[in-house]
Amino acid sequence: MKTFMTFTLFLLALNAVSFAQAPTDPLWLKAVALFRHDQNWVPGEVVTHFTLKNSKGEIEENTVTVVRVSVDESGDLVKELVSLVFNGEDKTDEAREKGQTPGSDKDDYTFREAPFYPANQDKIAVKRVSEKTIDGKICVGFEYTLTLPGITKSGTIWLDSESGAPVLNIFTPAPLPKNVKHLENRVTYHFNPDGAFYISKIEYNGEGGMLFIKKNFHGEMTFRNFWRREIQE
């Protein structure tokens, strides 16, 4: 019986992926078009702040890092650690000696796992929901489920009701990382008057631990000093 149920669930998942259709909502398509046009924005500086607290709410770890992003002569991104402060102590030189640079070396800031990434449109299911005002903008909410290799993202993303520009994305990934019991991500977007938009901040809040040891953590990545880069597909 267990084998049969496992096989049935596999067929259902396979069927859902096989017959997925790209979204057709006009406002959603505006967001995809904007993403395609502005995909070559790269942050010149990334500030990362991570805080870990125990079950009593006491801070056990507080790390702030600043990374500068540039491009070399071959067009590859170069990440330079500007500073790393761990629990109030400057650990920049130590981290440099160990070759530690926060973030993935493979991250090219094209955000290929984003809901609006053009190649993901046949992997996502969306549903228009209610409207609400965010930072003075009337926004339309879309519930979505994005199925990617090894991860599924489910949440709600809010688009400007006129331009279609993304404003806020709140989602939860599955499966969760090992020993993590809860995780919520918030992505905030910035939209310029000239029509350009980019991700300005990524935040995450979670809870995890083993047995009776529980930890709460919060992290945020702030992106700034953006510049345009030629994207090689």
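**Close-up views of a predicted model**

**View 1. Helix H2 and its two sides.** On the face of H2 turned away from its buried side lie the exposed residues Pro 26 and His 37. The structure shown is a predicted model. The buried residues of H2 are Leu 27, Trp 28, Ala 31, Val 32, Leu 34 and Phe 35.

**View 2. The length and N-terminal end of helix H2.** H2 consists of 12 residues and reaches 17 Å from its first C-alpha to its last, close to the 16 Å expected at 1.5 Å a residue. The N-terminal end of H2 is capped by Asp 25, a side-chain oxygen of which lies 2.9 Å from the backbone nitrogen of Leu 27.

**View 3. The surroundings of Asp 38.** Asp 38 belongs to the loop between helix H2 (26–37) and strand S1 (41–54). With a relative accessible area of 5%, Asp 38 is buried, because burial is assigned under 20%. The side chains of Asp 38 and Arg 228 are joined by a polar contact of 3.3 Å. When neighbours within four places in sequence are left aside, Asp 38 is in contact with Gly 195, Ala 196, Phe 197 and Arg 228.

View 4. S1 runs antiparallel to strand S11 (residues 213–228), to which 13 bridges join it. In this pairing, Asn 54 has Lys 215 of S11 as its bridge partner. S1 also pairs with strand S2 (residues 59–71), in the antiparallel sense and over nine bridges. Here Thr 48 has Thr 65 of S2 as its bridge partner. S1 and S2 form a hairpin with four residues between them, and Gly 57 in the turn has a positive phi of about 85 degrees.

**View 5. Confidence along the chain.** The mean pLDDT of the protein chain is 86, and 87% of its residues reach 70 or more. Among the elements of the chain, S6 has the highest mean pLDDT (97), whereas helix H1 (residues 2–18) has the lowest (36). The pLDDT is below 50 over residues 1–19, a stretch that has one contact in the model beyond near neighbours in sequence. Where pLDDT is low, predicted coordinates should not be read in detail.

Definitions and conventions:
Residues are numbered from 1 along each chain as its sequence is written. This is a predicted model: local features need pLDDT of at least 70, side-chain atom pairs count only at pLDDT 80 or more; totals for chains, interfaces and linings use all residues. Side-chain values use heavy atoms; hydrogens and water are left out. Buried means under 20% relative accessible area, exposed over 50%, partly exposed in between (1.4 Å probe, protein chains only). A polar contact is a pair of N or O atoms within 3.5 Å; within protein, one must be able to donate a hydrogen and the other to accept it, and residues adjacent in sequence count only if both atoms are side-chain atoms. Contact means heavy atoms within 4.5 Å. The expected span of a helix is 1.5 Å times one less than its number of residues. pLDDT is the predictor's confidence in each residue, from 0 to 100. Two strands pair if DSSP finds at least two bridges between them.
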